Amino acid sequence: MARTAKTLDGILDGFLREQRAEGTRRAYAQAIRDFLSFAGVNSIEDLASLGREAAIEYRNRLAERRHRAKTYVNRQLSALRGFFRWLLAEEVLDASPFDLVRGYKVSRESRTEGLEEEEVARMVAEATEDPDVLRGLRDRALLLTLYYEGLRRSEVSGLRHQDLRRQAGILVLRNTKTTDRDEVTLRPEVGQAIDEYTKALDERLGRPGPRRTDPIFVSFARSGFGRPLSSTAILDIVKKRARQSGIRRNIVCHSLRHAMVTHALDHHASLEEAGAHARHKDPRTTARYDRRRKQRGAAAVRALARLAL
């Protein structure tokens, strides 16, 4: 039998504390609270009364009424399965409503719009030519960081000057989607662009230099000058520079991450190497990022030697 728990919030806090990465904790908390709100769960008793039909209805509502992508629905289901498995292990519940609730088959083709090398260069050029020199330097460094380092926008928002390890040639990432700390190789162009932007920012602020804990990319808004750029602000910058460069597709921050993988493969990096830089655990994820996967498959067929028949 399930044992009595103190409170619903206490249970959720206990589960989240066991997750190692802050990004995972945030994503799981959002998924669980969304489901509990949908199901009208306000107590342990409500939680224990849930049946499989509630889980199925939630899955269907996400896909059919909220029009969420199948990958998003599957991530929510994965978080909820993990939560209810933990409740079973802790003997809070006797059964999980998410047992045997299936997710959606996902196409091997990513829906994120990609970018050609020339398009990335045009976006960077738009920033470079901005009459507002400081804003242009910041946006140029931001675009190069997103592209060359293959970062997510939340990771860029969290960058601090202490994370730039120039002598070691690495960029330290904290509280990423999957871990509390990670590293990527620092591309020289990125370090140089950040230095040029930081020097101009120092002059504007009248400071001798940034502190180690200062954010690298900051807002220029009147009400928040100097604060870390938010993920939303970073997305707005990417969209703005894409529009200015004449790109009419729905370009987002992840488009630059996809472009990094595709262009690395174009220049003869292996799938494993591209996936390592993108910090993918599964090579199938890296393959989905490749905008020219079908063409590479066709090239492989043409490369086969003719049989002597």
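Is R284 buried or exposed? In this predicted model, R284 has a relative accessibility of 62% and therefore counts as exposed, the cut-off for that class being over 50%. R284 forms a salt bridge with D282, in which the closest N and O atoms lie 2.7 Å apart, and D282 is itself partly exposed, with a relative accessible area of 26%.

The search of the whole structure finds 20 salt bridges. Within helix α4 (residues 52–65), E57 and R61 are placed 4 residues apart, about one turn of the helix, and their side chains meet in a salt bridge with an N to O distance of 4.0 Å; E57 is partly exposed at 45% relative accessible area, as is R61 at 25%. A further salt bridge joins E196 to R140, with the closest N and O atoms 3.9 Å apart. Because E196 belongs to helix α9 (residues 188–205) and R140 to helix α7 (residues 133–149), this pair ties together parts that are 56 residues apart in sequence.

An open sheet of 3 strands is arranged in the order β1-β2-β3 with antiparallel pairing, and its edge strands, β1 (164–165) and β3 (181–185), each pair on one side only. Strand β1 is joined by 2 bridges to β2 (residues 170–174), where L171 is the bridge partner of L164. In the loop between β2 and β3 lies T176, which counts as buried at 2% relative accessibility; residues up to four places away in sequence being left aside, T176 touches A21, G23, E155, D182 and R279.

Conventions
Residues numbered from 1 in each chain as written. Predicted model: local features only at pLDDT ≥ 70, side-chain atom pairs only at ≥ 80, totals over all residues. Heavy atoms only, no water. Pairing = 2+ DSSP bridges. Buried < 20%, exposed > 50% of the residue type's maximum accessible area, 1.4 Å probe, protein only. Contact = heavy atoms within 4.5 Å.
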